[in-house]
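Biologist: I have the model open. Can we go through how the helices and strands are arranged?

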Amino acid sequence: MRLVILGGSGSGKSTQARRLCTYFDIPLISTGEILRSAISGNQPLPEFRCLEADPRTSLSVYASLSELGYHARPYMQKGELVPDEMIVELIRIRLRQPDINCDWVLEGYPRTAFQAEELDFLLDDLGQKLDWAIYLQVPEAVMVSRSLGRSLPDDQPEIVQRRVELFYDRTIPILEYYDRRRCLLTINGDQSPEMVQQNILTLLSVP
């Protein structure tokens, strides 16, 4: 099972991603957690190293999360999206690590139509195919209130509002991208976590 969880800040995508990973017993790849770990100054993770350059791209390979975090920090501090090339490189490296098998849940990526297309290119290279993109649809007011109720350092009012605005600017193209590929599932995220999970499993035709 290969799933992408889509949703704005405070939509519950992290909660549902963890629940689905537990349910299916598969790894979680969370770009938000990886970036926050890097930015917080936690120890570098040398295993995040790509030994082979991708012949289709000239992007540099980040030797560690600390280096990636250094470049990403200014964007996250302002509530801006981390540039595509940084996130694409992170996902490319992560999906090639030995602890990631053919089943996974990806949360926090893609956030632009370009990233969605790049993910498909990468999966083609790996001989994999995305099963479903799950979109947690939540009203803007709910996303803002949920985000402000958390204790993450980057959940300040002006940053949260900026993230929500950016999300809406980029959401429609991503949803259209996956809808054209007939792999988009839209879920009402303004419910209890248990109900949201059950609705996801129902649409996945999981008993």
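Biologist: Which hand is the crossing of helix 4 and helix 5?
Modeller: The crossing of helix 4 and helix 5 is right-handed, meaning that the near helix is turned clockwise from the far one by less than a right angle. This is a predicted model, in which local features need pLDDT of at least 70, side-chain atom pairs count only at pLDDT 80 or more, and totals for chains, interfaces and linings use all residues. Residues are numbered from 1 along each chain as its sequence is written, and side-chain values use heavy atoms, with hydrogens and water left out.

Biologist: At what angle do helix 4 and helix 5 pack?
Modeller: About 25°, with the axes of helix 4 (residues 84–95) and helix 5 (residues 113–126) 11 Å apart. That makes helix 4 roughly parallel to helix 5 (an angle under 35 degrees).

Biologist: Which residues of helix 4 make the contact?
Modeller: Asp-84, Ile-87, Val-88, Ile-91, Arg-92 and Leu-95; contact means heavy atoms within 4.5 Å. The helix 5 side includes Phe-114, Leu-119 and Leu-126.

Biologist: And what is the contact by class?
Modeller: Nine nonpolar, one polar and three charged residues.

Biologist: Now the strands. Which way do the residues of strand 3 point?
Modeller: In strand 3 (residues 104–107), Trp-104 and Leu-106 point one way and Val-105 and Glu-107 the other. All are buried (under 20% relative accessible area, 1.4 Å probe, protein chains only).

Biologist: How many bridges join strand 1 to strand 3?
Modeller: Four, and strand 1 (residues 2–6) runs parallel to strand 3. Arg-2 stands opposite Trp-104.

Biologist: What about strand 2 and strand 3?
Modeller: Strand 2 (residues 28–30) pairs with strand 3 in the parallel sense over three bridges, where pairing takes at least two DSSP bridges. Ile-29 has Leu-106 as its bridge partner in strand 3.

Conventions
Buried means under 20% relative accessible area, exposed over 50%, partly exposed in between (1.4 Å probe, protein chains only). Helices (H or I, at least four residues) and strands (E, at least two) are DSSP runs, numbered from the N terminus. Axes are lines fitted to C-alpha atoms, for helices over the stretch in contact, and angles run from 0 to 180 degrees between N-to-C directions. Angles under 35 degrees count as roughly parallel, over 145 as roughly antiparallel, 65 to 115 as roughly perpendicular and the rest as oblique. Ala, Val, Leu, Ile, Met, Phe, Trp, Tyr, Cys and Pro count as nonpolar, Asp, Glu, Lys and Arg as charged, and the others, Gly among them, as polar.
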